[in-house]
Amino acid sequence: MAEARMKLVEEVADDVTVVEAHGRLDSTTAKEFGDRLAALVQAGRRAIVLDLKNIAYISSAGFRVLLITNRAATQKQGKLALCGVTGEVRRLFEIGSFLDQFLICPTQADGIGKLRQ
Amino acid sequence: MPDRSLISSQAPSTEIRIANDMCEIERVTELVEGFGAGHALSNSVIVALNVSLDEVLNNIISYGYDDTARHDILVQLAIGSGGVEVIVEDDGKPFDPLAVATPRPRSETEVGGVGLHFVRSLMDQLEYSRRGPINRLRLIKKLEHDDG
């Protein structure tokens, strides 16, 4: 992949923050990725939808950051929803038995709807 | 098992030496992407190689060394009719990843053991040997007919 190794695109839709992640979520990108998500949680964003549809793959370093972010959001009485968990990324969630650790929605719109309930 | 059971010595291959620094893994990822594109490997195979190498190299860099010196890690890739072969050599502490048990029960943020579980699940064959001061890990990813 010639594109940047990792990129986050954020958009605030009223009370919900949508973060689109691009690239790879691995040992070289996990810290930057986790720091940004932690900053959003610390800033009081209570509802975060993280779209993984443009992520090529997630290694255990990346899953660790997702689990930490999920816990941090819960501790702040917030919620994290994942969407775009398809293809190779979904297979990695399955292999690692991570599917039941997260709120996973098919699309951004589903995630936003779920977090507004 | 002979070292080259799947890959002949004339097989197309490439290699890279990286330092024991986490950001160096990106160079390996780029090598895999280029190798994969050059040999028309499927995305599934490229992901398997990249995730496995990320896990193996992260382990070596995180836990392999008692000093703070720079160490080289060698990564070799080769392709033959049997599949893709990956060899990783480091001069860190003796560590046989195949001897590590299945993942521990995990807490909310604990992924201990999952990395090697990924390697075992994504690759078809794993062999470890210690040769003098060198850990040598050999991984094989078989290629299906519909791959690539």
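The structure is a predicted model, in which local features need pLDDT of at least 70, side-chain atom pairs count only at pLDDT 80 or more, and totals for chains, interfaces and linings use all residues. Residues are numbered from 1 along each chain as its sequence is written, and chains are lettered from A in the order in which they are written.

Chain A contains five strands and four helices, where helices (H or I, at least four residues) and strands (E, at least two) are DSSP runs numbered from the N terminus. Along the sequence these elements follow the pattern β-β-α-β-α-β-α-β-α. The radius of gyration of chain A, taken over C-alpha atoms, is 13 Å, close to the 13 Å that the globule rule (2.2 Å times the number of residues to the power 0.38) gives for 117 residues, so chain A is as compact as a globular protein of that length. Along the principal axes, the C-alpha atoms of chain A fill a box of roughly 35 × 25 × 25 Å.

Two residues are in contact if their C-beta atoms, placed from the backbone, lie within 7 Å. Of the contacts in chain A between residues at least 6 apart in sequence, 72% join residues at least 24 apart.

Between the chains, 20 residues of chain A are in contact with 22 residues of chain B. On the side of chain B that touches chain A, α1 (25–38), α2 (43–63) and α3 (114–122) of chain B each supply at least two residues. The largest share, eight residues, comes from α2(B).
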